[in-house]
Amino acid sequence: MGAQVRPPSGALAGYLGAARWPCGGPPWREPGAACGVPAMAWLALLGVLPSVLRVGSGSPEPESLLRPAPQSCPYRCVCAADLLSCAGLGLRDVPAPLPTPAADLDLSHNALQRLRPGWLAPLARLRALRLGHNELGALGRGAFTNASGLRLLDLSSNALRALGRHDLDGLGALEVLLLFNNRLTHLDQRAFHGLGALSRLYLGRNELASFSFAHLHGLGATHLRTLDLSANRLGRVPVPALAALPAFLKNGLYLHNNPLPCDCRLYHLLRRWHQRGLSAVRDFAREYVCLAFQVPESRVRFFDHSRVFENCSAAQARGLERPEQQLRVQLGRPLTLRCNASAPATRTVWVSPQQELLRAPGSRDGSIAVLADGSLAISDVQPRHEGVFVCLATGPRLHHNQTHEYNVSVRFPHPEPEAFSTGFTTLLGCAAGLGLVLLYLFAPPCPGCRRSSRRCRCRRRRRRPRSPVQELRAPPSALGSPPPSRKASAHKHVVFLEPGGRGLSGRVRLAVAEDFDLYNPVGLRFQAGSGSTSSTGSGDLVMT
């Protein structure tokens, strides 16, 4: 048996395994059977080959050729495209070096205690930085000087106690800042002065006892939409400064779970916000509490214990908020809104109902234009333009967040009336009925009517009355049925018959009452004498 060839190891094995062998594979796969070549010949070849590779024309060794490029991803971190995650590794310092393509860096759930100045310099593409759930006690100046493109910064659940004036320098493009669940007790008056694009600021679950609503600690209200101050220690809240905030910020101002004072003006202000449906108050209505007696045990809910505020007069809250101007515009009509500031403004911006910031020349879709004098013009009002437009004017003689609000409602034009509508038919019927009534009242009711000054008298042909004798001489059939045109008067006395004597030979004696109706003799009752009844019509009548 031939000697068994042991396969090479390391980079040489990979190099030889990738070569094209004449019989379909390296000899160590089928020892001694490689196209009839003895195993010893293969051993000699394998022994000479490394020296040949080294002696060649200065080419590197196979191991150096096959060595992989050094990894730029930090140890134990995960790199995927532009994402770099080093979360939950118990790191006490930021790993280095950081890969330059990273746009989203996650260092949360570690034990970081400090950030070196300029540590973000290699990350020019960084857009999101997550540093939550660490042990950062302070930031320091220069911690974010190289993060000019950062959009999201998460510093939640750390041990920060204060924010200095320059701690957040270099974050001019920041839009979301998470600072909740720290130990913040102090904010510099201009801690947020460089965050001009910030739209959401979360400061909940800290230990803040006061907040400057008038200046927002250097933060402009132009872009700000959410300000979370819930679960702090705010005991003094300037009510006029709250009322002066723009409408879009009031809708995102969270003040619940704070020991607010049971102030009448604050109560009426929050109640009005609740009635207007502002989500920050409506969604957390049961968590708005105040201290009735300046002790923690005297907490009452604003909207559940109205008896505490039963002595508060609505006049105390009058004038706190400038009422929004109501405008009703027909669909398709032009509209111009003017920013009526109390003093000339050097800069005017508008906020649309869709929370779009409107500067000159106007909106993104081109339907709204901002003029040179700061006015807002809509050439063709559509349903999407319905809502609250807010004007923010700034200037040296103006408050930085002085606002003017317009509540625009769009009404649709009435449809064209039909040619013959139901209402017109009803009106025509009423007119015809009225005409008939007037005709009946004032037209002659009969021909030959004489008109006098007061009433109309009509001539009637008077019939000649028939005598009772003629009536009695009528046929018997006529006596049995009364004339249809005359009726017996209800108040006439009954005609009675006196008992006649026996010697009248069938003659009838009648006794007629004083007011006997001569025109209605039907009621007469006849009593014959001893003669037959057939002689009634032949005898003479005797009246007494």
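1. Let's start with the link of Cys73 and Cys79, which is right-handed, with 95° about the S-S bond. The two sulfur atoms of this disulfide sit 2.0 Å apart in the predicted model.

2. Next comes the disulfide of Cys77 and Cys86, with an S to S distance of 2.0 Å. The torsion about this S-S bond is 115°, again a right-handed link. Cys77 counts as buried because its relative accessible area is 12%, under the 20% cut-off. Cys86 is buried too, with 0% relative accessibility.

3. Please have a look at Cys339 and Cys391, whose sulfur atoms are 1.6 Å apart. The torsion about their S-S bond is about -95°, so this disulfide is left-handed. The pair ties together distant parts of the chain, 52 residues apart: Cys339 belongs to the loop between β16 (335–337) and β17 (347–351), while Cys391 lies in strand β21 (residues 387–394). Cys391 is buried, at a relative accessible area of 0%.

4. For your tally, the disulfides come to four. On a separate cysteine, Cys430 counts as exposed because its relative accessibility is 51%, over the 50% cut-off.

5. Ser230 is buried, with a relative accessible area of 9%. Its side chain makes a polar contact of 2.7 Å with the side chain of Asp228. Beyond its neighbours within four places in sequence, Ser230 is in contact with Gly204, Arg205, Tyr254, His256 and Asn258.

Key. Residues numbered from 1 in each chain as written. Predicted model: local features only at pLDDT ≥ 70, side-chain atom pairs only at ≥ 80, totals over all residues. Heavy atoms only, no water. Buried < 20%, exposed > 50% of the residue type's maximum accessible area, 1.4 Å probe, protein only. Polar contact = N/O pair within 3.5 Å; in protein donor to acceptor, adjacent residues only side chain to side chain. Contact = heavy atoms within 4.5 Å. Disulfide = S-S within 2.5 Å. Helix = DSSP H or I, 4+ residues; strand = E, 2+ residues; numbered from the N terminus.
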